[in-house]
Amino acid sequence: MDNLFKVRTLTAAVNAIKAPMRRVYNRLFAGFENMQPSDRLAFDVISGSETLLGNISVSAPATVDDKTGRKTITLTAPRIANKRFVSTAELNSYRAFGEAGVEMMKTRIAREQKDMRGKHDRTLEFWAVNALKGVIYDSDMTTVLVDYNVAAGHTPTLTGTDLWTDADSNPIAKIRSWKQLIEDDCGTSIDAWLAYLGSGVMDALISHEAVKDFLKHDSGSKIAENGIIERLAGVDLDEYNGSYLDSAKARQRYISDDEFLLIGICDEMVDVPYAPVVDDDALGGVGNVGEGGTPAMFFSKSWKKQDPSGRWIKCESRPLPVLKRPGAVVNATVI
């Protein structure tokens, strides 16, 4: 049974847990994770270079080129960690002889780890969505962890007859103008278009006469049987109603009811550096001078408590979703 509590076992288990709740993170950030040597993270925010090259003769020296516009942001990696105490008294009902007892213990550990990891994934999703919006906040919703300096023109708030709930508005024209803004400011070519939107925005689009008329003549777009628009003006639309509870236990949406988050998917758009865990037992972590191993993004370990008898289980991670191209997004309030 001692093998159940080995750092390698617990760490491998917590990293193997699937994370379906990370809808935005899994689609745009997953696969870009990279381990850093310390908890001092440094990354570039890219503006790109968009000038043309002139023709030169074969005997002429190469043109001296402007460097890519980059602004380096340096900060200490955030740290999220939680632990839970499982008392021996709680496990009394799980006691059994032989393998049955081991399996019951494994089930309890797996359940606790899954729920603990869920808090990490929920936080990662919150950070990923807010990175795309330009500013990552802490759980208090006011403390700024990192500001990616998204230009004011990329965070418009519509008013009056521009609101998509107004019959005289033109949502398609707005989307097309924001696409052009992104193409102008991103600094690289756009490979695809994606928008996350709140349910109120989807309701406004479905009921808008101009949108309905456009869809009648656009074979590539449709209103699906479940009552959503899947594609509009060359943009894949994803109505996202995922939510979390804030510190006051009030339910909040990752994408607010009135938000339209347009993303021009492109090269070097995002990154996910993560720092080593500062723990003597973490594989490859700071302070581990004994057993080696490859560090993972999520770390887990367990240790005994003598009185009252029981075990602590811990889960820790230090990642940061990064928006490298602030010009690739427009976060608009449209209703």
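This report describes the cysteines and the salt bridges of a predicted model.

**Cysteines**

The count of disulfides in the structure is zero. For Cys186, the closest cysteine sulfur belongs to Cys266 and lies 3.5 Å away, which is too far for a bond, because a disulfide requires the two sulfur atoms to be within 2.5 Å. Cys186 is buried, at 1% relative accessibility, and Cys315 is likewise buried, with a relative accessible area of 1%.

**Salt bridges**

Side chains of opposite charge can pair when their charged atoms come close. Across the whole structure, 17 salt bridges are found, and three of them are set out below.

| Pair | Closest N to O | Sequence separation |
|---|---|---|
| Arg318 and Asp39 | 3.5 Å | 279 residues |
| Glu259 and Lys133 | 2.9 Å | 126 residues |

In the pair of Arg318 and Asp39, the arginine sits in the loop between strands E15 and E16 and the aspartate in the loop between strands E1 and E2, so the contact ties together parts that are 279 residues apart in sequence. Arg318 is buried, at 5% relative accessibility, whereas Asp39 is partly exposed, at 30%.

Elsewhere, salt bridges with shared partners join Arg79, Asp279, Asp281, Lys301, Lys314 and Glu316 into one network.

Technical notes
Residues numbered from 1 in each chain as written. Predicted model: local features only at pLDDT ≥ 70, side-chain atom pairs only at ≥ 80, totals over all residues. Heavy atoms only, no water. Buried < 20%, exposed > 50% of the residue type's maximum accessible area, 1.4 Å probe, protein only. Salt bridge = Lys/Arg side-chain N within 4 Å of Asp/Glu carboxyl O. Helix = DSSP H or I, 4+ residues; strand = E, 2+ residues; numbered from the N terminus.
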